[in-house]
Amino acid sequence: MSKADNLFRPTQYFRPTSVEEAVRLLVEYGEKGSCIAGGTDVLAMKDPQIEALIDITNLGLNYIKSDSQGLRIGATTTLAEIEASPVLSEGPYNIIAQAAHKVGTPLIRNLGTIGGNLCNASPSADTAAALLALGAKLKLVSARKSRDVPLDEFFVGPFRTIKGDDELLTEIVLPPLAPRTGTSYQWLTKISTIDESLVGVAALVVMDDKAEIIKDARIALISVAPTPMRARKAEEMLRGKAVRDGLVEEVAKLVADETRPRSKPDYRRDMSAVLAEHTLKEAIAQVTGSKLQGAK
Amino acid sequence: MREIKIKVNDEWVTGPVKADTTLLRFLRDNSFTEVKKGCGEGDCGACTVLLDGKAVTSCLVLALQAEGREVSTIKKKGDQLLEALKEAFVKYEAAQCGFCSPGMIITARWLLSENPRPNREGIRDALSGNLCRCTGYQKIVDAIEYVSMEAK
């Protein structure tokens with residue numbers, strides 16, 4: 001038995017049936033309380049500080065809803081449900097399902113939730129890359145107020161977020177997609193899919209009505225900085241540009257410059273450029289219908 | 001301590017649990033020792049059970065989270081696919097030391113409920129959370145593929 005095993009001794013377990021009750025418990029236990037949903041991070045990380053586990057799987061936060069306002073995903077929707085969702089099975093939102101499929105193992109994905117994947121705030125959280133590229137916002141609810149936070153501002157360090165101890169992530173909100181949007185997510189790991197991603201890149205492009213000029217672009221990366229990140233300079237380089245030979249390659253180099261990898265920095269930087277190139281080409285090709293050379 | 005009930009292999013099992021008792025601990029304490037403890041952190045899959053029909057690592061589920069729900073282990077009776085998988089594992093020599101087999105077979109059972117005709121790649125993908133240090137997986141994939149072909 002490891003040392004951590006001896007120290008992890010929560011003594012209280014609650015299964016509230018409303019968000020109000022859940023946030024009241026979060027206030028009551030403060031930093032000694034922890035939400036638990038799938039449990040795949042909470043029970044594996046064994047934080048000795050935790051005294052009370054607040055099970056949030058009975059709050060009605062398990063859903064994927066699509067309408068004219070965009071897409072809303074309940075925080076306790078499991079990664080397996082996201083993989084299998086018909087709403088996410090095609091089109092630009094499909095990168096969420098692809099990223100969810102990359103997390104852990106099938107056994108973990110049957111338990112683990114998308115809200116948990118974000119709140120755990122691992123620098124290598126695959127779902128974060130896809131959701132950053134899609135411009136996601138998070139709904140954080142406390143006893144006093146509810147606020148919408150852009151996912152860009154959510155992560156502040158490895159395994160750290162701006163979410164207060166008294167706040168509950170209830171929902172992930174994705175804005176409606178502009179016409180002629182293309183997306184792609186690609187990743188690399190050490191050996192097999194169950195290893196965490198060494199580099200993951202998600203790209204989104206919005207093309208003009210002739211599918212020639214890039215109106216908007218987002219490039220999000222994981223595992224190449226202390227937190228999931230956007231490559232904003234590279235994105236800016238793409239806006240308003242006509243697609244021409246060499247453009248994506250130049251931008252991909254810029255993406256690599258923006259990364260801040262700590263371990264295996266050369267490899268991670270080089271592969272950031274490679275995956276940025278592949279994902280941008282794939283996203284553009286989805287809209288234009290023609291393959292740029294090098295698109296996977 | 002609190003008494004809870006969990007339906008295991010079609011029978012209600014009652015036992016005392018604490019806030020931090022895992023489903024794995026509850027099962028083993030109640031004689032379901034066919035559920036193995038490996039890593040205890042969800043990496044190896046030795047403790048896999050079906051929870052409301054889905055394959056999960058029971059080391060990462062609290063017993064209290066499973067209260068009132070249905071759990072199936074490899075010893076569940078009267079499940080044709082489960083029986084067919086066990087026979088195929090023998091036929092194809094898919095078990096050597098056998099420690100991973102209960103979890104491996106439960107995951108295979110779940111896979112066949114989701115997808116009755118998986119290809120070999122699909123089988124390997126489904127088994128990616130169940131580690132085997134003996135067989136090299138080939139014979140395990142063979143056994144599951146055989147059952148998926150034979151099943152009506």
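Residues are numbered from 1 along each chain as its sequence is written, and chains are lettered from A in the order in which they are written. Local features in this predicted model need pLDDT of at least 70 and side-chain atom pairs count only at pLDDT 80 or more, while totals for chains, interfaces and linings use all residues.

**View 1. Domains 2 and 3 of chain A.**
Chain A is divided into domain 1 (7–55), domain 2 (64–174) and domain 3 (181–288), with bounds from an automatic or database domain assignment. Taken over C-alpha atoms, the centres of domain 2 and domain 3 of chain A are separated by 20 Å. In this pair, 23 residues of domain 2 of chain A are in contact with 25 residues of domain 3 of chain A; two residues are in contact if their C-beta atoms, placed from the backbone, lie within 7 Å. Helix H5 (94–102), helix H8 (126–133) and strand S8 (155–157) of chain A each supply at least two residues of the side of domain 2 that touches domain 3. Helices (H or I, at least four residues) and strands (E, at least two) are DSSP runs, numbered from the N terminus. The largest share of this side, six residues, comes from H8(A).

**View 2. Helix H8 of chain A.**
Eight of the eight residues of H8(A) are buried, that is, 20 or more other C-beta atoms lie within 10 Å of the residue's own, with C-beta atoms placed from the backbone. Among them are A:Asp126 and A:Thr127, together with A:Leu131 and A:Leu132. Just after the helix, A:Gly135 takes a positive phi of about 75°.

**View 3. The largest nonpolar core.**
This core has 141 residues; a nonpolar core is a set of buried Ala, Val, Leu, Ile, Met, Phe, Trp, Tyr and Cys residues joined through C-beta atoms within 7 Å. The residues with the most contacts inside the core include A:Ile96, A:Ala129, A:Ala130 and A:Val205. Leaving aside neighbours within four places in sequence, A:Val205 is in contact with A:Gly182, A:Ile214, A:Ala217, A:Leu280, A:Ala283, A:Ile284 and A:Val287.

**View 4. The contact of chain B with chain A.**
The contact takes 19 residues from chain B and 21 residues from chain A. Strand S4 (residues 54–57) of chain B gives the most to the chain B side, with four residues.

**View 5. B:Leu62 and its surroundings.**
B:Leu62 lies in the loop between S4 and strand S5 (70–72) of chain B. The residue counts as buried because it has 25 C-beta neighbours inside 10 Å. Not counting residues up to four places away in sequence, B:Leu62 touches A:Tyr13 and A:Gly39 of chain A, as well as B:Thr21, B:Thr22 and B:Leu23 of chain B. The C-alpha atoms of B:Leu62 and B:Val17 are separated by 9.4 Å, although these residues are 45 apart along the chain.

**View 6. The fold of chain B.**
Chain B has five helices and five strands, which follow the pattern β-β-α-β-β-β-α-α-α-α along the sequence. Taken along the principal axes, the C-alpha atoms of chain B fill a box of roughly 45 × 30 × 20 Å. Buried residues make up 48% of the 152 residues in chain B. Chain B averages a pLDDT of 96, and 99% of the residues score at least 70; pLDDT is the predictor's confidence in each residue, from 0 to 100. The model scores ipTM 0.96 and pTM 0.94.

Terms used
A residue is buried if 20 or more other C-beta atoms lie within 10 Å of its own, exposed if 12 or fewer, and partly exposed in between; C-beta atoms are placed from the backbone.
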